[in-house]
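Terms are given their cut-offs where they come up.

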Amino acid sequence: MAEFLLEIFSEEIPARMQLSVRDDLKTIMENDLQAQSLSFSSIRSYVTPRRLVGVVEGLAETTKSTIEERRGPKVGAANVAIQGFLKSAGVSLDACEQREGYYYAHLQTKSRNTRDILPEIVQNIFRKMTWPKSMAWPLENGKRSQLWVRPVRSVLTVFDGQAVSFELPTLGLTTSNITYGHRFLAPAAIQVSSFDEYHTKLERGFVIIDHQVRQTQIWQGLKALVHQKNLELQTDESLLQEIAGLVEYPVPLLGQIDAQFMDLPPAVLSTAMRVHQKYFTVRTKEGRIAPYFGVIANIKGKDNNLQMLAGYERVLRARLSDAMFFYAVDVKTSLPMLSRRLETIIFQEKLGTLTQKVTRLKVLMLAQGTGKVGERAAELAKSDLLTTMVGEFPELQGVMGEIYARAEGEVSEVAAAIREHYQPQGPNDQCPSAPLSVALALADKMDTLVGFFAIGEEPTGSKDPYALRRAALGIIRLVRENNLADFSLEPLCHEAVNTYKAQGVAFVKHFQSEYVLNFINDRLKIALRAEGIRHDCVTAVLEGSKTTADAYKPWSIARRAKALQDFLETADGQALLAAFRRAYGILKDEQKKDGISYPGTQVNVQLFTGMQESNLYNHLQKILAERDPLLQAHHYTDLMAQLATLRPLVDAFFDLKVNDEDPMLRQNRLELLGMLIAQMALIADLSHVEG
Amino acid sequence: MVQRPKCFQQMILDLQQYWARWGCAILQPYDVEMGAGTFHPATMLRSLGSGTWNAAYVQPSRRPTDGRYGENPNRTQYYYQFQVIMKPGPQDCQQLYLDSLRYLGIDIENHDIRFVEDDWESPTLGAAGLGWEVWCDGMEISQFTYFQQVGGFECEVVPVEITYGLERVALNVQDVDNFFQLDWNGVDGCRKLTYRDISMRGEQEFSHYNFTKANTAVLLQHFKDAEQECMGLLSAHLALPAYDHCIKASHLFNLLDARGVMSVTERASYIGRVRNLAKKCCEIWLNNTEKKA
């Protein structure tokens, strides 16, 4: 058993690619070793800005020899066939076994030394690894290199304590047991013979190869500095991850923000620091932005990092001066003035400009009964896209709108709606609760969904360039988290369709507003499944309410599906299901036999022959009389409990012979079953329940 | 005694010397207004085709939208790039670059120098490359790019382009906060000149011009003229004169952009028109080069 260590040493790998490539390396190595019939006990991989590392432990020193049996032609077959077989198998006729009238060849793959296969394995990695973007660079011999993310400058291959040296012509390199430490702190060559030595020597050479360890060092180090000032570090997972991909040797530093900038809106401060400078925001215990920032250097200065820190503070001053400039420019023009220029921004080629979007939003707000403030919020919703600040920091869209709106004296709920209508942006984003914000957020998302579906740009497979799934989920969250129990998406969707039509947008031929509504229901299904609600229960509710006014009410569908799932776990629930299935089974069979359906609309009480029928009928009528108030009050469990009381009556009904010789009686009994099924299905179509 | 940090002009002289010693031809700035040193035919056109080419030069660059009336500490609408183009890019080009910073007097063991992903793409030039922006203590001081494509043509021999933002490097060398405080000529007393003395009036006057006074009707006409002239020269297979007019069109577009008179679609269409010119210039340049060979 041996150890194999591979290091691909290159110029700086983009931070955003590192983690996935680290994992890809592991997978590719695993697959390759298995394909070569090489056994191993474990593979680990590491990544830093300048190196991609794989280490295989417990690697066999030779491949397993294998024997494959291959059946040939029949004994006595034509000579051509036999010769062909022998040639393809590479054996002589003598070496073949005769069994049950056939020739069999035994093909042996000889065991090979792992060391001899390593060049193939390494070359395979260079062939198979894919990068989001890759490039060619000039080799020493003047040729273009193969494609890789950045120029590869050396490759280290150590097997069983020894260097394995071979050429990689497409990279113009020969592998060795040499690597290099930190670019500035330890640039000299380092020779290694094992992973342990590699790890230790690199650590001494100011390189921490483990991404996770670097992340921890960054976070702990910064936190300690911040706590010394009695302040708090703002959590920022994605920034932390990115920075760990920008340094081999993280050195946390705490810098100061000039007092003159502390009047900038907090969102501007923290965005300017984060986006351009990759600085962490520091807050006071009370949550306000503190005049400090956290930054990670990739080097320990000999001067106690003083020059570095001065540099970091200087560049922030310049950035924030720019932000002040933008702010000063922006406040010279009011949002209503800017909104007039929205026609210069295209929302989508076929869907027109943002002016058109705003016009549609106004209509949708009106339709939701939000009055004058609603119209105002719609009018100003997109204006900040024309401010210089949002031009510089697109992530501040909405945020700046709110700030400027407040400064201009817009009413508070309008200002808040400008920011909040973009929310919720993702599963972890906050969902607005102010009614005006909710209405505007619903309008904006519905407008976007309908628009893109109308021009045939719905998501396909994993492609969702306009984030329509996110918009749909946003709508669902807005309705559910605000308990809009009776909110149906249908009128809003139709209104959105009408506004596009009024603007003369050309729809694709097959467009129907149900596509959009069902797309949202599909997202609802997925969301509910993630919450642990059985998919068959959701389907039962969706199918059951399909033709009713409840078809597109996310809150009530979710509530009903949950009620159904809970109810099915009770004895009553099982009773309900049993009653339904018994009735449904017979009805389905008879309908199939007769080639017609019995919808339950023509029950004739005059044709009842006994108590069984009238009892069932009367009890059902009694329940139906109470159904609508219960549905309207969203008392689904009560309703289901009532339905469950039908069980004994259904059982009693089947004491009768449904298939009576008198066709009139038979038809009437089937109609009664049809009625039962149809009425039950309006609450949940139990034919979709599994198990 | 603490050594006086290098003045701005000395940095230029040093960079020229450093790259001349390595083997670059030291060229002079191109005499047509442009947004970046990449537009210089010594980079743009010479990146194409086979053979070697190594050159370095200062290129004053104009970015009308970056005007701040001289009020921002380090954003100006006219600034200086030092451009190095090496074809093929040498194996140790990152190290060569870092050594040039040392040569300028940047104490790189006490600064945080980082290569941060920044894939360069110029929609107007139909050019793209992969590389980094180089950070010094969080400030972008250079661009480092392996060209992959220029004018829509794949680079047969991959060049490396290094662009120093001279003012930003100087902030570090001289340890000051503000472009305008930079020591320009290293002299004290009555002959002392700062960046402010050289540039402030231009920043103020050109900011007014770029943002409010440029006559857009005239600019639009000039754009059309430049485009037409470029096309005419291209049909005469005169790559270099045609390319001059392509650069002119590009600068006129930048001025129109600063005036904020183009809608988004218009803007995209102007970019497309300049790219079209650039592509054709490259095509004629390549054809002519091949014919000569």
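**Notes on the model**

1. A:Lys278 counts as partly exposed, because 19 C-beta neighbours lie inside 10 Å; the classes are buried at 20 or more other C-beta atoms within 10 Å of the residue's own, exposed at 12 or fewer, and partly exposed in between, with C-beta atoms placed from the backbone. A:Lys278 sits in the loop between α7 and β15 (280-283) of chain A, and its phi is near 55°, a positive value in a residue other than glycine. Helices (H or I, at least four residues) and strands (E, at least two) are DSSP runs, numbered from the N terminus.

2. On provenance: this is a predicted model, in which local features need pLDDT of at least 70 and side-chain atom pairs count only at pLDDT 80 or more, while totals for chains, interfaces and linings use all residues. Residues are numbered from 1 along each chain as its sequence is written, and chains are lettered from A and ligands numbered from 1 in the order in which they are written.

3. A:Asn304 is in the loop between β16 and α8 of chain A and counts as exposed, because it has 10 C-beta neighbours inside 10 Å. Most residues other than glycine have a negative phi, and most peptide bonds are trans.

4. Two cis peptide bonds deserve a look. One joins A:Gln423 and A:Pro424, with omega about -10°; A:Pro424 is in the loop between α14 and α15 (435-454) of chain A. Another joins B:Lys87 and B:Pro88, with omega about -5°, and B:Pro88 lies in the loop between β3 (78-87) and α3 (93-103) of chain B.

5. What does A:Arg477 touch, not counting residues up to four places away in sequence? The partners are A:Pro424 and A:Cys431, where contact means C-beta atoms, placed from the backbone, within 7 Å. A:Arg477 belongs to helix α16 of chain A and counts as buried, because 20 C-beta neighbours lie inside 10 Å.

6. Helix α16 (residues 468-481) of chain A packs on α18(A) at an angle of about 75°, with the axes 9 Å apart. Axes are lines fitted to C-alpha atoms, for helices over the stretch in contact, and angles run from 0 to 180 degrees between N-to-C directions. The two helices are therefore roughly perpendicular; under 35 degrees would be roughly parallel, over 145 roughly antiparallel, 65 to 115 is roughly perpendicular, and the rest is oblique. Residues of this contact include A:Leu473 and A:Ile476 of α16(A) and A:Phe519 and A:Leu524 of α18(A). By class there are 8 nonpolar, no polar and 2 charged residues; Ala, Val, Leu, Ile, Met, Phe, Trp, Tyr, Cys and Pro count as nonpolar, Asp, Glu, Lys and Arg as charged, and the others, Gly among them, as polar.

7. Helix α18 (residues 513-530) of chain A also packs with helix α19 (residues 535-544) of chain A, at about 150° and with axes 9 Å apart. That angle makes α18(A) roughly antiparallel to α19(A). A:Asn521, A:Lys525, A:Leu528 and A:Arg529 in α18(A) meet A:His535, A:Val538 and A:Leu542 in α19(A). This contact divides into 3 nonpolar, 2 polar and 2 charged residues.

8. Helix α13 (residues 399-407) of chain A is mostly covered, with 7 of its 9 residues buried. Among the buried residues are A:Met400, A:Glu402 and A:Tyr404. They pack against several helices of chain A, including α7 (266-277), α11 (371-380) and α14 (412-420). Just after α13(A), A:Gly409 takes a positive phi of about 85°.

9. The contact between the chains takes 36 residues from chain A and 36 residues from chain B. On the chain A side, β16 (289-297) and α8 (306-330) each supply at least two residues, and α8(A) gives the most, with 11 residues. That side divides into 18 nonpolar, 8 polar and 10 charged residues.

10. Chain B is assigned domain 1 (8-208) and domain 2 (214-292); the bounds come from an automatic or database domain assignment. Their C-alpha centres lie 24 Å apart, and 21 residues of domain 1 are in contact with 21 residues of domain 2.

Key: Contact = placed C-beta atoms within 7 Å.
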